[in-house]
Amino acid sequence: MNSTETGTTPRGNLLSGAEYRESLRRYTPKVYVDGQLIESVADAPTLQPGINALAVTYDFALDAAKAPLMTAVQTAGGRTVNRMLHINEAAGDLLNKLEAVRVLCQETGCAQRYLAHDALNAIHQVSARIDDARGSNEHRARFAAYLADVQERDLSLGIAMTDAKGDRSLRPHQQANPDTYVHVVDRRATGIVISGTKAIVTGAPYMHEFLVMPGRHMGHADADFAVCCAVPVDAPGLTIVARPAGRPGEKLEHGAALFSRRYGQSTAVLVFERVFVPWERVFFAGEWEHSGSLTYHYATHHRHSCIAARAGFGDLLIGAGALMCEANGFDPGRKASLREPMVELIKITEGFFACGVAASVYGTADQYSGSFMPEPVFANIGKLLLATQIYDMHRLAHEVSGGLIVALPGPDEDHNPATAATLAEVLRANPDVPYDKRIEVARFIEDLTASYQGGWYSVISLHGGGSPAAMKQEIWRNYPLGSKVELVERLLDRGVLHNESRPISRNRQPGRCCDAGCSPPGQAIMVPLPDTSKGS
């Protein structure tokens, strides 16, 4: 694509949202939604909210005000790329990604594309780790070539990580049906053949390609299940069984559509039946000893991103809650019974986001790849907080809004000559806020918190990026408990020396400083945030 401009923003190889939509027509994936074969993903009504959300990630990168945040210059090659496809080169990149995801999710609720960022960074790190162990450059070079192609074509990548798993008490190689995990079934001179099932693949129907990754640490006997590769969305032998994105099929409202008719995400099960993958798209196959590293790196990056995504969602609840208070005739600043839950909602949202900021600032360069990794303790604590407090966020939005958000008559009554005038008169509260504006906000909150889509946000927040148990395990594994133990022992004058074999004193606090104090000149720093209050 020739370099052009949109407004004052250099485009380079960046696509617009419209071009992303059109690019989907070049693929012919086998997709089923609600039992129906989808003839054209780009035109399917059931998938439009997801396509809309992905389009925002493209358009924001071309918006002159948002481009400094939504794009980054990749040092290798010097190209400007969408931040969702950028390999982090400094702690500032982690901060910018965090803010970019929050801005995207303020608009869309869930932008999905940040998953590609998380997976690309993880594969970049593990490719370097494998080469270091082997004394080669094969895996680095293969991934670098793939990354350059993805960035050049500005692709959207789906992440196929969670396997169907079968009997969870058994290892992959012990399953009665091996296809409950994706695995290598044949090796050829030209590539590998894979079969199996991946579940909970967000945005699957409207991706360009999938990054297939192992979802757990594999043992030697599970070597065939330790596979990481890239597969086009329309690869022969791949079937996508998906649910609709958002709430596109419900009866249309009068006037502006509800939020989740505009934006939402589909999730899907991917069934691989002897899908061929050429070697240039295989990042590892059989290197079981590195599967745990890949899942760890991806989980840390992704939990860091999830913090920002749910902060954006929290911003929607905070704004809608304040509007509902006003429409009900109250000023939270003067009414403690409303101010306290509003402050609690703010505390939750900014509390877990602060963990994301800390994870960014304390991020460190990976030992093998040199790219930057979020600090794992703060990343996991932030994700654990949002995962368990998403239900409190919904409750607080309900508390400040009142029961009207689920007790309003249906929208058709707004246009019923027999009832509309009466309802507009008696259901108006604040004389300065018209009835239609009050019910609009009420239905917005219902959509985000008390609908099918509200439930989706809750479950995906709880389990997306791993269960709370997985985050607790990582916090305990990485927390510098040893430094705290030795602190107390020093104060007690015990004089106990550090002992690596002693379980409670194994981990120690690393040295820390802010990014501005240790980044070499030219590395990324935090860019000013765009003003999103005026829309895109």
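I started with D34, which sits in the loop between β3 (30–33) and β4 (36–37); helices (H or I, at least four residues) and strands (E, at least two) are DSSP runs, numbered from the N terminus. I'm working on a predicted model, where local features need pLDDT of at least 70, side-chain atom pairs count only at pLDDT 80 or more, and totals for chains, interfaces and linings use all residues. Residues are numbered from 1 along each chain as its sequence is written, and side-chain values use heavy atoms, with hydrogens and water left out.

I looked up D34's phi: it is positive, about 50°, although D34 is not a glycine. Most residues other than glycine have a negative phi.

Next I checked Q112, in the loop between α4 (91–108) and α5. Its phi is positive too, near 60°, and Q112 isn't glycine either.

Buried or exposed: which is D34, and which is Q112? D34 counts as exposed because its relative accessibility is 59%, while Q112, at 0%, counts as buried. (Buried means under 20% relative accessible area, exposed over 50%, partly exposed in between, with a 1.4 Å probe and protein chains only.)

Then I turned to the largest pocket, with a volume of about 1300 Å³. Of its 42 lining residues, T162, G215, G465, G466 and S467 are the closest to its centre. A pocket here is an open set of points on a 1 Å grid over the protein atoms alone, where a 1.4 Å probe fits, with protein on both sides within 12 Å along at least five of seven lines; lining residues have an atom within 4 Å of a point. Grid points are joined across faces, edges and corners, and the volume is the space filled by probe spheres set on them.

Which element gives the largest share of the lining? I found that it is α8, with 10 residues.
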